Amino acid sequence: IMAAASPHIPADLIAQVRTAACPANLTKDEKKWLNDRTVCRFLHARGGSAKKATMLMRKTLVWRHEKRPGTIFCSKCAKDPHSHNLRLCGFDAHGRALCYTAFGQALGRFDPAANMEHMTAVLEECEGAIAARRAKGLAVEDKWIFVVDFVGYSYLWDGNPRMATMTAALLERYPERLHRAVMVG
């Protein structure tokens, strides 16, 4: 059963992008991920262009196939639960996933690769929680709200351009998910 699509995107365009973007060897999890809502987000992210959405979706499917993001667990947090602190806290009244992070509480935040591992795990947790709420018939939107607490942030130590580049590349794999980012401090 496919998820309800956006009323603004024709079903034939969704089917066209899905067909063009899909390799024959999709795993069960990749097929489940590739629902109408996902295709709509990629189309929205690329201004309705089937060609651009297909290109982004292909890149994302290759990434998902190689990285298997749904299986990632933060190895730093396994050793020390205080390494990172980005976490899914719950949902707002509209059913948007609410995530929180505070620089001052993340003791292992200076390793960009570990940060990406942690962020990927949290983003996948958000996706799973949204799907679980939808399956239960609860109010849900396919969007996230991030609250970022900058208390403890250091321009010298936290302002790593490599981290910014890696974060931007990771978030491209989750288009049209961010509803709002709230910056504190």
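Author: Here is a short chat about a few residues in a predicted model.

Reader: Let's start with K76. Which element is it in?
Author: K76 sits in helix α5, which covers residues 75–79.

Reader: And what does K76 touch, leaving out residues up to four places away in sequence?
Author: Its contacts are S83, H84, G108, D111, A114 and E117.

Reader: How far is K76 from N115, C-alpha to C-alpha?
Author: The two C-alpha atoms are separated by 8.9 Å. Along the chain, K76 and N115 are 39 residues apart.

Reader: Nice. Switching to backbone angles, what is phi of R68?
Author: Phi of R68 is near 45°, a positive value in a residue other than glycine. For context, most residues other than glycine have a negative phi.

Reader: Where is R68?
Author: R68 lies in the loop between α4 (50–67) and α5.

Reader: Is R68 buried or exposed?
Author: R68 counts as exposed, because its relative accessibility is 52% and the cut-off is over 50%.

Reader: Now E176, what is its phi?
Author: Phi of E176 is near 60°, again a positive value in a residue other than glycine.

Reader: And where is E176 found?
Author: E176 is in the loop between α8 (161–171) and β4 (178–184). With a relative accessible area of 34%, E176 is partly exposed.

Reader: Thanks, that helps!

Definitions and conventions:
Residues are numbered from 1 along each chain as its sequence is written. This is a predicted model: local features need pLDDT of at least 70, side-chain atom pairs count only at pLDDT 80 or more; totals for chains, interfaces and linings use all residues. Side-chain values use heavy atoms; hydrogens and water are left out. Helices (H or I, at least four residues) and strands (E, at least two) are DSSP runs, numbered from the N terminus. Contact means heavy atoms within 4.5 Å. Buried means under 20% relative accessible area, exposed over 50%, partly exposed in between (1.4 Å probe, protein chains only).
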